[in-house]
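This report describes a structure chain by chain. Keep the sequence and the 3D view open while reading.

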Amino acid sequence: MNISSRAYAIVVLMLALTLSGCQTVKPYDYTNFHAHPPRSILVLPPLNDSTAIEGTYGYLSTVSRPVAEHGYYVFPVAVVDQFMKANGLPTAAEMHEAPLARMAAVTGADAVLFLELKQYDSKFVLLSSVTTVEVLAKLVDTRTGTLLWAGRGLAQQDSGSSSNPLASLIAAALSQVINKKTDRAHLVSRLANANLFDPDATGLPYGPYSPKYDRLP
Amino acid sequence: MNVRRYMLVVALMLLGGCAARPTLYSWGNYEDVIYASYLSKNDFPAEKQIAILEQDYQIARSQNKRMPPGWHAQLGYLYYEVGKTDQAQQELMTEKTEFPESTVFVDRLLHNLDKVGRVGGP
């Protein structure tokens, strides 16, 4: 084997590994989604099943961007939260239980994104820590109550592997605003969101504001 | 064929997948401001949030980019919090113009603002 053919073999192996990552996933059934394609999405604060109280807003504050960049109108998450609290729904659980018809009447949203934060924590093991964020998502049509899409986002990051370029960019941006020690799980939330919304066969389809609108996921 | 060149092309292709893709909107510090305000309202009062968002807006304008959905409504809400109801109203109107999907919600906020001078009030 000369050097050139060995290089070929490596390239082929790398491509095969890249491709195989896409093949094993069972595609989501988008029939309901295409029957009621939403323009606007109301994101409610997540139910927080994790051990971290701060996870509710640490996670909520990362959801607007991926959903809006998918091409949807996303209602201002903090204004919605304040509005709901001022109108008799003081907790995320109560917001999640409110009738869909009322949500639609108050906001005009086509769909509500119900999120459930399952994990939002850092576990310390000897010298390093592993941060895990896991979230379940359900997108529901406000007029019919139909489940349009559901997904799961999971991301883990080892404190040793701080070389993630995305996370360090975000950390740099965040440190401009916050003088506190940054919250690792908040940063890992963005990676979990990428795994939730972006995958080709299971992610959230593109909406009307995206140049990729109408392209099948 | 040069092996190094192959490796370089593959490396560039893999890196290309990670490079920043163009975004629909100029996000600035919008999400970080929301995060920080919930983390510690005392360290991060509405005035400070407004200053950061207005600065982001200038940057976006200089780059001819749009603010994301919800952004003007968020800024409007902050202006209401510091008692600047005219600016609050103006930002809410902008949200509606930029994104007609917000009409029902923003009209409700404007109505409350007119009635009792409170955005979130019943």
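## Chain A overall

Among contacts in chain A between residues at least 6 apart in sequence, 71% join residues at least 24 apart. The model is a predicted one. Chain A contains 9 helices and 6 strands. Its length is 217 residues, and buried residues make up 39% of them.

The average pLDDT of chain A is 85, and 74% of the residues score at least 70. Residues 176-182 of chain A have a pLDDT below 50, and beyond near neighbours in sequence this stretch has 12 contacts in the model.

## Helix H9 of chain A

Helix H9 of chain A covers residues 184-197, which is 14 residues.

Is H9(A) mostly covered or mostly uncovered? It is mostly covered, since 12 of its 14 residues are buried. The buried residues of H9(A) include Arg184(A), Ala185(A), His186(A), Leu187(A) and Val188(A). Further along H9(A), Ser189(A), Arg190(A), Leu191(A), Ala192(A) and Asn193(A) are buried, as are Leu196(A) and Phe197(A).

## Chain B overall

Chain B has 6 helices and 0 strands. Read from the N terminus, its elements run α-α-α-α-α-α. Of the 122 residues in chain B, 33% are buried. Among contacts in chain B with a separation of 6 or more, 49% are between residues 24 or more positions apart.

## Helices H3 and H4 of chain B

Helix H3 (residues 46-62) and helix H4 (residues 71-81) of chain B pack at an angle of about 145°, with their axes 9 Å apart. The crossing of H3(B) and H4(B) is left-handed. On the H3(B) side, the contact is made by Ala46(B), Gln49(B), Ile50(B) and Leu53(B). On the H4(B) side, Leu75(B), Leu78(B), Tyr79(B) and Glu81(B) take part. The residues of this contact divide into 6 nonpolar, 1 polar and 1 charged.

Ala51(B) also lies in helix H3 of chain B. Is Ala51(B) buried or exposed? Ala51(B) has 12 other C-beta atoms within 10 Å, and a residue counts as exposed at 12 or fewer, so Ala51(B) is exposed. Ala51(B) and Arg61(B) are 10 residues apart along the chain, and their C-alpha atoms are separated by 16 Å.

## The loop between H3 and H4 of chain B

Asn64(B) sits in the loop between H3 and H4 of chain B. Because Asn64(B) has 7 C-beta neighbours inside 10 Å, it counts as exposed.

The phi of Asn64(B) is near 60°, a positive value in a residue other than glycine. For comparison, most residues other than glycine have a negative phi.

## Thr103 of chain B

Thr103(B) belongs to helix H6 of chain B, which covers residues 103-116. With 14 other C-beta atoms within 10 Å, Thr103(B) is partly exposed. This class lies between the exposed limit of 12 or fewer and the buried limit of 20 or more.

Which residues does Thr103(B) touch, not counting residues up to four places away in sequence? Thr103(B) touches Gly108(A) and Lys96(B). The C-alpha atoms of Thr103(B) and Leu92(B) are separated by 9.5 Å, and these two residues are 11 residues apart along the chain.

How values were computed:
Residues numbered from 1 in each chain as written. Chains lettered and ligands numbered in written order. Predicted model: local features only at pLDDT ≥ 70, side-chain atom pairs only at ≥ 80, totals over all residues. Helix = DSSP H or I, 4+ residues; strand = E, 2+ residues; numbered from the N terminus. Contact = placed C-beta atoms within 7 Å. Axes fitted to C-alpha atoms, helices over the stretch in contact; angles between N-to-C directions. Left-handed = near helix turned anticlockwise from the far one by under 90°. Nonpolar A, V, L, I, M, F, W, Y, C, P; charged D, E, K, R; others polar. pLDDT = per-residue confidence, 0-100. Expected span 1.5 Å × (residues − 1).
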